[in-house]
Amino acid sequence: MVFESMTGSAALRSRPVVGSRVDARGDAKPHLAITSVFGPPLEMSTWSGAPANIGGALRALGYRISGIQPRFDTLSKSLLAGRHLLAGHAGFPRGETVRRGAAARRHCARMVERELDRIGADHVLHTGTFDLPIAHTRQDTRHYLFCDHTWDLARRHHVQAGEFDDRQTKEFEALERESYAQMWHIFTFGRYVRDNLVLHYGIDPASVTVVGSGMGRIRPYAGPKDYVNGPLLFVAKHLFVEKGGRLVLDAFRIVRKRRPSARLVIVGSETHRALAGDQDGVEFHAHLPWDELERLYHHAALLVQPMLNDPWGQVYLEALLSRAPVVGLRRNGLPE
């Protein structure tokens with residue numbers, strides 16, 4: 001995932017640079033911190049490399065860039081368990097129930113504020129809302145958001161929807177609404193997300209800019225393609241089920257009955273191999289180098305990626321660059 005440097009960064013510069021620290025020579029240098037709860041934001045392994053690529057693009061434009069990784073695992077398990085049990089649930093909370101809750105989010109927000117005190121950044125770009133709302137300890141810092149979804153959109157097809165009770169759903173909605181309202185500017189992958197922020201959350205249209213996601217590392221392909229005998233392709237480096245893996249395997253069983261020569265290539269993590277099993281016609285790959293993954297895209301006759309609730313789908317863009325048509329669900333980012 002490669003951020004287009006003259007889209008989001010230009011929008012960042014469209015408002016005045018406020019409160020920039022001045023170095024020993026008297027030069028004001030905008031200092032931007034990028035946050036991510038899913039890993040070190042300046043490493044390519046985090047969120048498909050999006051935060052790192054944004055940092056690189058803005059650094060090339062003269063920004064000083066720092067990374068902040070607030071961590072959920074430093075929050076007291078006893079506190080989380082206590083909040084969960086008070087809500088009427090049995091057992092310790094897991095996954096998104098924890099990340100979207102007030103305790104975890106405010107904990108991460110405080111971690112961001114403490115790190116800002118240490119590094120002295122003027123601007124903060126949050127890559128998601130799990131470290132928001134702002135902790136409100138630094139009044140001179142501008143906060144921005146780069147997001148691919150909203151809670152209102154995510155909950156409609158969420159694979160964990162049955163685990164959220166009414167209290168949690170309302171809490172998540174209130175936290176998201178507060179977070180969006182605090183942002184100096186919001187950047188979205190898709191226009192449908194921008195529309196939701198404006199229409200559902202009441203954000204000023206002038207405060208939301210659609211910047212896309214960039215085109216990734218798969219290079220465009222103009223060579224020969226075999227659309228009759230070429231393989232079907234499914235790519236899920238993580239979240240195999242959420243990205244439609246079980247649905248693909250069920251559908252492929254039907255396909256094989258009608259066309260016994262059909263082949264399905266699955267790219268996933270080693271933990272997904274057991275889910276694929278030894279189904280006839282299925283070829284499984286884990287931990288492929290980029291050049292090999294690119295070769296699979298370029299030779300695929302079709303990308304079959306019925307993602308249950310993926311907000312954007314970088315794989316769609318990579319397939320289209322490879323002249324591989326896409327089969328998916330009519331929801332979220334794919335229609336756009």
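A residue counts as buried when its relative accessible area is under 20%. By that cut-off, strand S9 (residues 282–286) is mostly covered, with four of its five residues buried. The model is predicted. Its protein has 336 residues, of which 52% count as buried. The fold contains 12 helices and 11 strands. Among contacts with a separation of 6 or more, 66% are between residues 24 or more positions apart.

**Strands S8 and S9**
- Strand S8 (residues 264–268) runs parallel to S9.
- Five bridges join the two strands.
- Burial in S9 covers four of five residues.

**Ala 33**
- Ala 33 sits in strand S1, which spans residues 31–35.
- Its relative accessible area is 0%, so Ala 33 is buried.
- Beyond its neighbours within four places in sequence, Ala 33 is in contact with Ser 66 and Ile 68, among others.
- The contact list of Ala 33 also includes Leu 116, Ile 119, Ala 121, His 123, Val 124 and Leu 125.

**His 126**
- His 126 belongs to strand S3 (residues 123–126).
- His 126 counts as buried because its relative accessibility is 1%, and the cut-off for buried is under 20%.
- The side chain of His 126 makes a polar contact of 2.9 Å with the side chain of Asp 131.
- Leaving out residues up to four places away in sequence, His 126 touches Thr 35, Val 112, Asp 131, Leu 132 and Met 183, among others.
- A run of its partners includes His 143, Tyr 144, Leu 145 and Phe 146.

**Ala 33 relative to His 126**
- The two residues are 93 residues apart in sequence.
- In space, the C-alpha atoms of Ala 33 and His 126 are 8.4 Å apart.
- Ala 33 lies in S1, whereas His 126 lies in S3.

**Second largest pocket**
- The second largest pocket has a volume of about 230 Å³.
- Its lining includes Tyr 227, Val 228, Asn 229, Gly 230 and Leu 232.
- Val 255, Arg 259, Ser 261, Ala 262 and Arg 263 also line this pocket.
- Ala 301 and Leu 302 are part of the lining too.
- By residue type, the lining of this pocket has seven nonpolar, three polar and two charged residues.

Note on methods: Residues numbered from 1 in each chain as written. Predicted model: local features only at pLDDT ≥ 70, side-chain atom pairs only at ≥ 80, totals over all residues. Heavy atoms only, no water. Buried < 20%, exposed > 50% of the residue type's maximum accessible area, 1.4 Å probe, protein only. Contact = heavy atoms within 4.5 Å. Polar contact = N/O pair within 3.5 Å; in protein donor to acceptor, adjacent residues only side chain to side chain. 1 Å grid on protein atoms, 1.4 Å probe; cavity = no way out; pocket = protein on both sides within 12 Å on 5 of 7 lines; lining within 4 Å. Points joined across faces, edges and corners; volume = space filled by probe spheres on them. Nonpolar A, V, L, I, M, F, W, Y, C, P; charged D, E, K, R; others polar. Pairing = 2+ DSSP bridges.
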